[in-house]
Amino acid sequence: MTGLRYVYAVCRPFDAALQRQLTGVGGAPPRLLRHHDLVAVVSEVPERDFAERPFRAHLEDLDWLTETAHAHQNVIDALTAVTTPLPLRLGTVFHDDSGVRVMLEAREEGFRRTLDRLAGRVEWGVKVYAAPEAEQQPREPAKATSGRDYLRQRRRSHQADEELWERAERFARRLHETLSERAEDTRLHAPQNSALSGVPGRNVLNAAYLVSRAHSEEFVELVDRTKSEEPGLRVELTGPWAAYSFSGEEPNGEEVNGDEMNGDGVGT
Amino acid sequence: MTFPSRVPEPYGQNGSANLADILERVLDKGVVIAGDIRVNLLDIELLTIKLRLVVASVDKAKEMGIDWWETDPSLSSHARRDELSRENAELRARLAEPADGGHRREPEPAIERRAREEPS
């Protein structure tokens, strides 16, 4: 059986062992492929799923994609526990080990620079949600006393919502400023839609912060303190993530190829 | 390299980190490398645009009915099953329409109509 090589991340060589029972995309255990002073973390994936045509078909299947994304993220998490991985985008696949080596060789300089920049740092995700009253408590069956009453009720609840959005925006801006001071770098991501995230309320801030491990505890405490500051607003912290949002070359770096797109330019 | 042991325990990695958090990162962030299987770049770009429509635009999604992504056959395999029955329903609805179709059937707001009838 011929297998393809799925690449999760590039790191500096590290001594610590990965979890023994760790499995990657498709169930195979990830292994390390060393090239000079870089390591690619790879696992074997079957051609029947990852050759061009089946892979293309799978990508349109949200269930398959979900499973694959979780497997990819599991490996990145395991790496983040022992080193600073440079995570690659989902679905980076080569024919064989030598294809991976050629890629490492070609991009060695850029990888080294980025890994140095990120070494010892992790990403924290902070989101703020605003839940309007109407969503917090199920609306009572409207007593249709009169049309005018109805309109007045509508207007009142509309005004309350408007006030909440304004308050949420002010709070989010202030929180982002405070957290930015404690972070080495920040990214603002597009707010998430609750239909996909399954989280109630409107997402008004979706930000990522690059924080050194040494300062992470402090950062987490700072976020925790803001959690009950404002009624009707919810602050949510995720992490530590590998530095996904900061893995692109610096905007003024010279190493920007045509195929090297950092998502930040598109949607933020 | 050493790692201080006081790095906080993973926060919400299995708790509050939702699917959108993970997809947002593994599909949209991270280093893009053209592998040997070249199809991935283009397709993930397309997929990301679709997901971005879903993830980014809360208001749009609400306008369109909040769960439209679940019923997009290219985004969910569950949706494919529903597609045929929806098409049938649409066809039935179209057949049921009166013959003068093409006219908007919902009544105009009364105020607007009155304003238009008034001579200027």
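Student: What makes A:Phe50 count as buried?

Tutor: A residue is called buried if 20 or more other C-beta atoms lie within 10 Å of its own. A:Phe50 has 24 C-beta neighbours inside 10 Å, and therefore it counts as buried. The residue sits in helix H1 of chain A, which covers residues 47-50.

Student: Which residues is A:Phe50 in contact with, once its neighbours within four places in sequence are left aside?

Tutor: The contacts are with A:Leu4, A:Tyr6, A:Val45, A:Phe55, A:Val93 and, from the other chain, B:Ile37. The C-alpha atom of A:Phe50 is also separated by 9.1 Å from that of A:Gly3, although these two residues are 47 residues apart along the chain.

Student: Why is A:His36 called exposed?

Tutor: The cut-off for exposed is 12 or fewer other C-beta atoms within 10 Å, and A:His36 is exposed because it has 11. A:His36 lies in the loop between strand S2 (31-35) and strand S3 (38-46) of chain A, and it has a positive phi of about 50° although it is not a glycine.

Student: How does the span of helix H6 of chain A compare with the span expected at 1.5 Å a residue?

Tutor: Helix H6 of chain A runs over residues 147-182, and its 36 residues reach 53 Å from the first C-alpha to the last, which is close to the expected 52 Å.

Student: Which residues of H6(A) are buried, and what do they pack against?

Tutor: A:Leu164, A:Ala168, A:Phe171, A:Ala172, A:Leu175 and A:Leu179 are buried. An α-helix has 3.6 residues a turn, so residues three or four places apart point the same way. The buried residues of H6(A) pack against strand S6 (121-130), strand S8 (202-212), helix H8 (213-226) and strand S9 (233-241) of chain A.

Student: How do you know whether H6(A) is roughly parallel or antiparallel to H8(A)?

Tutor: The axes of H6(A) and H8(A) come within 10 Å and cross at roughly 165°. Because angles over 145 degrees count as roughly antiparallel, H6(A) is roughly antiparallel to H8(A). The crossing is right-handed. At this pairing, A:Leu175, A:Leu179 and A:Arg182 in H6(A) meet A:His215, A:Glu218, A:Phe219, A:Leu222 and A:Thr226 in H8(A).

Student: What share of each chain do buried residues make up?

Tutor: Buried residues make up 40% of the 268 residues in chain A, and 23% of the 120 residues in chain B.

Student: Which element of chain B has the highest mean pLDDT, and which the lowest?

Tutor: Among the elements of chain B, H1(B) has the highest mean pLDDT, 84, whereas helix H5 (residues 110-117) has the lowest, 44. For chain B as a whole the mean is 57, with 20% of its residues reaching 70 or more, while for chain A the mean is 86, with 86% of its residues reaching 70 or more. The model scores ipTM 0.82 and pTM 0.72.

Student: Where does pLDDT stay under 50?

Tutor: Such stretches include residues 252-268 of chain A, for which the model has 20 contacts beyond four places in sequence. In chain B they include residues 1-7, with nine such contacts, and residues 56-70, with 22. Where pLDDT is low, the predicted coordinates should not be read in detail.

Technical notes:
Residues numbered from 1 in each chain as written. Chains lettered and ligands numbered in written order. Predicted model: local features only at pLDDT ≥ 70, side-chain atom pairs only at ≥ 80, totals over all residues. Helix = DSSP H or I, 4+ residues; strand = E, 2+ residues; numbered from the N terminus. Expected span 1.5 Å × (residues − 1). Contact = placed C-beta atoms within 7 Å. pLDDT = per-residue confidence, 0-100. Axes fitted to C-alpha atoms, helices over the stretch in contact; angles between N-to-C directions. Parallel < 35°, antiparallel > 145°, perpendicular 65-115°, else oblique. Left-handed = near helix turned anticlockwise from the far one by under 90°.
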